[in-house]
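Good morning, colleagues. I would ask you to look at the sequence and the structure together while I speak.

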Amino acid sequence: MVLMASHSAGSPPGKPRPEITRRLCLAADIEQYSRFDTPHQEAVQAQLDRVLRAAAERSGLDHSEWSTQPQGDLEFAVLPAGTPEQLVLGEYVTHLAAELGGYNATRRPVGRMRLRLAIDVGVAVTAALGFSGPAPIAVARYLDAPEVKQALAATGSASLAVVVSDRLYQDVVRSRFHGLDPEQYRRIHVRQKGFAGYGWLRLPGAHPQDAAEPSPGASEDGPRSPARAAEREQSSFVQHGVHGTAIQGVIHGSVVYRAIHGEAGR
């Protein structure tokens, strides 16, 4: 038998193949950046860089070793191989939320900076204009997901919205190491530009219920109407003036229930 060497298409003989490694990727984006005028955009860009570096330092991470791709109101980063995933999802996120909270505490509401942070792990390869691979694409799609934007816009008590991939949630968050609590996350389904996948959303410093799915018509540009909770309390299920669940009938020994939504007291 004669064994022959073969080369895959796109990897000519003698040309080194790119090293494929799994890396942590994350991106942080400023909410409603366009609302700031030019001087304030310059200021919040500087603050974005500061809080990301400070959170890394407080977590024992060296931000200078990250491969970063700044984009004005956004920073994308590929972390060094071997960076502990539980440390990034735990301490780093906690310190980032604290840095943002400290900054915003001294600002009027119109001048506060709030961030969306997306994190995934997977293949990330250096390319001519940045990075290529599944993980960088997934991070970008999670970051722009309407569900994440709406959750942050609807919650005034949070300065940070974090979405992690399903892979990280299952492998890391559910381990509960480094103070991670699966109950703080809500699963979302992201469909963006040909990408489809599940992510897990968390709002550090806010009640987990605040990350619940917004009501239909909720805006990404402002808080959810406070009347939503009142409407939920005022609504009831009634039929013929009887509050509760009405029994429609019995079929082969099984009870079939029908709940009719209406106003209390009708």
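Let us begin with helix α1, residues 38-58, which in this predicted model comprises 21 residues. From its first C-alpha to its last, α1 reaches 30 Å, and this is close to the 30 Å expected at 1.5 Å a residue.

Which residues of α1 are buried? They are Val44, Gln47, Leu48, Val51, Leu52, Ala54, Ala55 and Ala56.

After α1 comes glycine 60, and its phi is positive, near 85 degrees.

That brings me to backbone angles elsewhere in the chain. Most residues other than glycine have a negative phi. Arginine 176, however, has a positive phi, near 65 degrees, and is not a glycine. Where is arginine 176 placed? It lies in the loop between α5 (166-171) and β8 (186-192). Its relative accessibility is 46%, so arginine 176 counts as partly exposed, the class between 20% and 50%.

Lysine 193 is found in the loop between β8 and β9 (195-202). Is its side of the chain buried or exposed? With a relative accessible area of 71%, lysine 193 is over the 50% cut-off and is therefore exposed.

Thank you for your attention.

Definitions and conventions:
Residues are numbered from 1 along each chain as its sequence is written. This is a predicted model: local features need pLDDT of at least 70, side-chain atom pairs count only at pLDDT 80 or more; totals for chains, interfaces and linings use all residues. Side-chain values use heavy atoms; hydrogens and water are left out. Helices (H or I, at least four residues) and strands (E, at least two) are DSSP runs, numbered from the N terminus. The expected span of a helix is 1.5 Å times one less than its number of residues. Buried means under 20% relative accessible area, exposed over 50%, partly exposed in between (1.4 Å probe, protein chains only).
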